[in-house]
Every structure is written in structure tokens, then in C-alpha cells.
Amino acid sequence: QVQLVESGGGSVQAGGSLSLSCTASGFGSSRRCMGWFRQAPGKEREGVGTIYTGGGVTYYADSVKGRFTISQDSTKLTLYLQMNSLKPEDTAVYYCAASPPYVSRCSSFNQESFRYWGQGTQVTVSS
């Protein structure tokens, strides 16, 4: 049974930083897309950034480029999201997601490509 468990959310003032982690269990180290998505109150869930675990190539939404960084520890099956220079508009529930094995087209942020989802962690940025 595949499980994704996020941790690291919280509250921070604008300009601050937070780091999120997502630990996967129940699947091996097969190459796939993994990513972070977020949903703000009253808005649709949107892609933040994705990574192809096979080569570490990352993709980011324009709204977070230069501020957020995705990384992975493949030995620990853990995905990270380092968020710097946070803005109030970054306030949302952040979700970790993973595709089935061998899905490599990670750049589209197509949520239908991601089969597995974590429960979400709240990030609140105050002005």
C-alpha cells in the first residue's frame, strides 16, 4: 500500500522560509514523477513543482521559480520542498504526489498523472 506523508508545514511571516518533507512508503525506487501541489481557500489545486526521480530534473510553476526548490533523497524515498521568500499568496494546503512507475513527463503538472497523494500540510504566510 503506497503512502505519502508530508511534514513541515506551519506559519511564518512574509519573507520567511519553510521546508516540507514527504516520505514515501509502499513502492520501490522506480523512476517516476513526484511533485508538490497546493490548494488555497476557494481556489483549485495547482502545481508547484515536480521532479523526475530518474534524473532529478525539476520543473516549477512561474509563481515560485527562484524561491522554491524541490529535491529528493532517493535512498530514503523522501521528497523535499524548500520554500524561501514566502509571500501571503503562498498560503495553502500543500500536497505531495507521486505518479505510477516510469511516468516521465513531469513538466505538465497534469494532476491526472499523479496516482498517489499525501494528506496535505498547511502553510500559512502572514503579511
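Predicted model: local features only at pLDDT ≥ 70, side-chain atom pairs only at ≥ 80, totals over all residues.
In what order do the four strands of the open sheet run?

1. The order is 1-3-8-7, and the pairing is antiparallel. Strand 1 (3-7) and strand 7 sit at the edges with a single partner strand each, so one side of each has no neighbour in the sheet. From one strand to the next, the twist averages 15°. Ser-19, for instance, stands opposite Gln-82 in strand 8.

2. The main core. The largest nonpolar core has 28 residues, and Leu-4, Trp-36, Phe-68, Leu-79, Leu-81, Met-83 and Tyr-94 are the ones touching the most other members. Among the elements that give two or more residues to this core are strand 3 (18-25), strand 4 (33-39), strand 8 (78-83) and strand 9 (92-98). Click on Leu-81 and, leaving aside neighbours within four places in sequence, you'll find contacts including Leu-20, Trp-36, Val-48, Phe-68 and Tyr-94.

3. The second core. There is also a separate core of six residues, which includes Tyr-52, Ala-97, Cys-106 and Phe-114.

4. Thr-50. This residue lies in strand 5 (residues 46-52). Is Thr-50 buried or exposed? Its relative accessible area is 0%, so Thr-50 is buried. The side chain of Thr-50 reaches the backbone oxygen of Cys-106 at 2.7 Å. Not counting residues up to four places away in sequence, Thr-50 also touches Met-34, Tyr-59, Ile-70 and Phe-114, among others.

5. Aromatic pairs. How many turn up in a search of the whole structure? Four. One of them is Phe-27 with Tyr-116, a tilted pair at 6.2 Å centre to centre and 35° between the planes. Phe-27 is in the loop between strand 3 and strand 4, while Tyr-116 is in strand 10 (residues 116-117), so this pair ties together parts that are 89 residues apart in sequence. Phe-27 counts as buried at 12% relative accessibility, whereas Tyr-116, at 21%, counts as partly exposed.

6. Phe-37 and Trp-117. These two make another tilted pair, with 5.0 Å centre to centre and 55° between the planes. Phe-37 comes from strand 4 and Trp-117 from strand 10, so parts 80 residues apart in sequence are tied together. Phe-37 is buried at 0% relative accessibility, but Trp-117 is partly exposed at 26%. Together with Phe-114, Phe-37 and Trp-117 form one aromatic cluster.

Technical notes: Residues numbered from 1 in each chain as written. Heavy atoms only, no water. Buried < 20%, exposed > 50% of the residue type's maximum accessible area, 1.4 Å probe, protein only. Polar contact = N/O pair within 3.5 Å; in protein donor to acceptor, adjacent residues only side chain to side chain. Contact = heavy atoms within 4.5 Å. Core = buried A, V, L, I, M, F, W, Y, C linked by side-chain atoms within 4.5 Å. Pairing = 2+ DSSP bridges. Axes fitted to C-alpha atoms, helices over the stretch in contact; angles between N-to-C directions. Phe/Tyr/Trp six-rings, centres within 6.5 Å; stacked < 30°, edge-to-face > 60°.
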